[in-house]
Amino acid sequence: MDGENQWHCPKCDHKVDAEKGLRFHTLPYFLTLHLKRFDYDVTTWRRIKLNNFVSFPTTLDMSPYISQEEGLHSADGNVPPIYELLSIMIHSGGAMGGH
C-alpha cells in the first residue's frame, strides 16, 4: 500500500507505505485449506462457479508464513512447518448445488 493508498499508522500518526499479509503464530498438525470457487455475477445477478485450473504442490512449506517476532508455537511443541498433500476434494456440480 503506497501512494494514495498509504496506511495510517496509529503510533506515529502519519501515512506510511505498508504491505498486507498474513502470518501464523501457531500451525496445526493437519492443515486444511479451502479455496473459494464460487462468485456472484452482478450483471446476471446469479452465482457462478469458477472453473479456473488450479494445481496443487505435493508439499507445502509454511516457513515464509510464520511470524518471525514470536517464532513457531504449536499445541504439542513439535509441528513441522512442511506439510504433505494427503487429499483433494473436487466439487462436482454447479454454483447452485452438487456434491
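This is a predicted model: local features need pLDDT of at least 70, side-chain atom pairs count only at pLDDT 80 or more; totals for chains, interfaces and linings use all residues.
How many disulfides does a search of the whole structure find?

1. Residues are numbered from 1 along each chain as its sequence is written, and side-chain values use heavy atoms, leaving out hydrogens and water.

2. To the opening question: the search finds 0 disulfides, a disulfide being a pair of cysteine sulfur atoms within 2.5 Å. For Cys 9, the nearest cysteine sulfur is that of Cys 12, 3.5 Å away. Cys 9 counts as buried at 12% relative accessibility, while Cys 12 is partly exposed at 38% (buried is under 20% relative accessible area, exposed over 50%, partly exposed in between, with a 1.4 Å probe and protein chains only).

3. Now for the rings: there are 2 aromatic pairs in the whole structure. Rings of Phe, Tyr and Trp (its six-membered ring) pair if their centres lie within 6.5 Å; planes under 30 degrees apart are stacked, over 60 edge-to-face, and the rest tilted. Tyr 29 and Phe 30 have ring centres 5.0 Å apart and planes at 85°, so they are edge-to-face. Tyr 29 is exposed at 58%, and Phe 30 is exposed at 57%.

4. Tyr 40 and Trp 45 also form an edge-to-face pair, at 6.3 Å centre to centre with 70° between the planes. Tyr 40 is partly exposed at 41%, whereas Trp 45 is exposed at 63%.

5. Have a look at Arg 47 too, which lies over the face of Phe 38, 5.3 Å from the ring centre (a charge sits over a ring if NZ of Lys or CZ of Arg is within 6 Å of the ring centre and within 35 degrees of the ring normal).
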